[in-house]
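This briefing covers one protein chain, whose sequence and model are displayed below.

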Amino acid sequence: MTFNTDIEIQILNTIALRGIVVFPGTTASFEIGRKISINALKAAEANGELLFLLTQHDPAVTEPKEKDLMTIGTVARIINSTQLKDGGYQVVVEGIYRAKRAETSINDE
């Protein structure tokens, strides 16, 4: 039996999702409103980067920490984002591939 041991480490802007899971090969639309999520979206759009989408264990948690997030998520490409009247964003993404979170650094600036 052989295992694929090729591991690629990437640093990606991450958005914690509440009550939604995005899978590879699917398109999803969701709203974000937390400052940290909006900053991650803007940074990813400015750099042409991908987003790492992680689902929260409990969607009621308003300011998730590392322990509140699943370890497996989806790397996604931003298809569209539109700013809403309340300052949040409506985001449409395409899931590309599954990824495992190694470490999370929370920076809300």
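Two strands are said to pair if DSSP finds at least two bridges between them, and by that criterion S4 and S5 pair in the antiparallel sense over 11 bridges. The model is predicted, so local features need pLDDT of at least 70 and side-chain atom pairs count only at pLDDT 80 or more, while totals for chains, interfaces and linings use all residues. Residues are numbered from 1 along each chain as its sequence is written, and side-chain values use heavy atoms, with hydrogens and water left out.

**Overall make-up**

- The protein chain has one helix and five strands, where helices (H or I, at least four residues) and strands (E, at least two) are DSSP runs numbered from the N terminus.
- Read from the N terminus on, the elements follow the order β-β-α-β-β-β.
- Of the 109 residues in the protein chain, 33% are buried, a term that stands for under 20% relative accessible area, with exposed meaning over 50% and partly exposed in between (1.4 Å probe, protein chains only).
- Among contacts (heavy atoms within 4.5 Å) between residues at least 6 apart in sequence, 63% join residues at least 24 apart.

**The sheet and the helix**

- The five strands form an open sheet in the order S1-S3-S4-S5-S2, with mixed pairing.
- S1 and S2 stand at the edges with a single partner strand each, so one side of each is left without a neighbour in the sheet.
- Neighbouring strands of this sheet are turned by 45° against each other on average, direction ignored, the axes being lines fitted to C-alpha atoms (for helices over the stretch in contact) and angles running from 0 to 180 degrees between N-to-C directions.
- H1 packs on the sheet and touches S1, S2, S3, S4 and S5, while its direction makes about 140° with that of S1.
- Within S5, Gln90 is the bridge partner of Thr82.
- S2 and strand S5 (residues 89–100) pair in the antiparallel sense over six bridges, and Glu94 in S5 is the bridge partner of Thr27.

**Nonpolar cores**

- A nonpolar core is a set of buried Ala, Val, Leu, Ile, Met, Phe, Trp, Tyr and Cys residues joined through side-chain atoms within 4.5 Å.
- The largest nonpolar core has 17 residues, of which Ile15, Ile32, Leu41, Leu53 and Val93 touch the most other members.
- Strand S1 (13–17), S2, helix H1 (35–47), S3, S4 and S5 each supply at least two residues of this core, and H1 gives the most, with four residues.
- A second, separate core of five residues includes Phe52, Leu54, Leu69 and Val75.

**Two buried loop residues**

- Asp68 is found in the loop between strand S3 (51–55) and strand S4 (72–83), and Asp68 is buried, with a relative accessible area of 13%.
- Leaving aside neighbours within four places in sequence, Asp68 is in contact with Thr55, Gln56, His57, Val61 and Glu63.
- Leu69 is found in the loop between S3 and S4 and is buried, with a relative accessible area of 7%.
- The C-alpha atoms of Leu69 and Gln56 are separated by 4.5 Å, although these residues are 13 residues apart along the chain.
- Leaving aside neighbours within four places in sequence, Leu69 has contacts that include Ala16, Leu54, Pro64 and Arg101.
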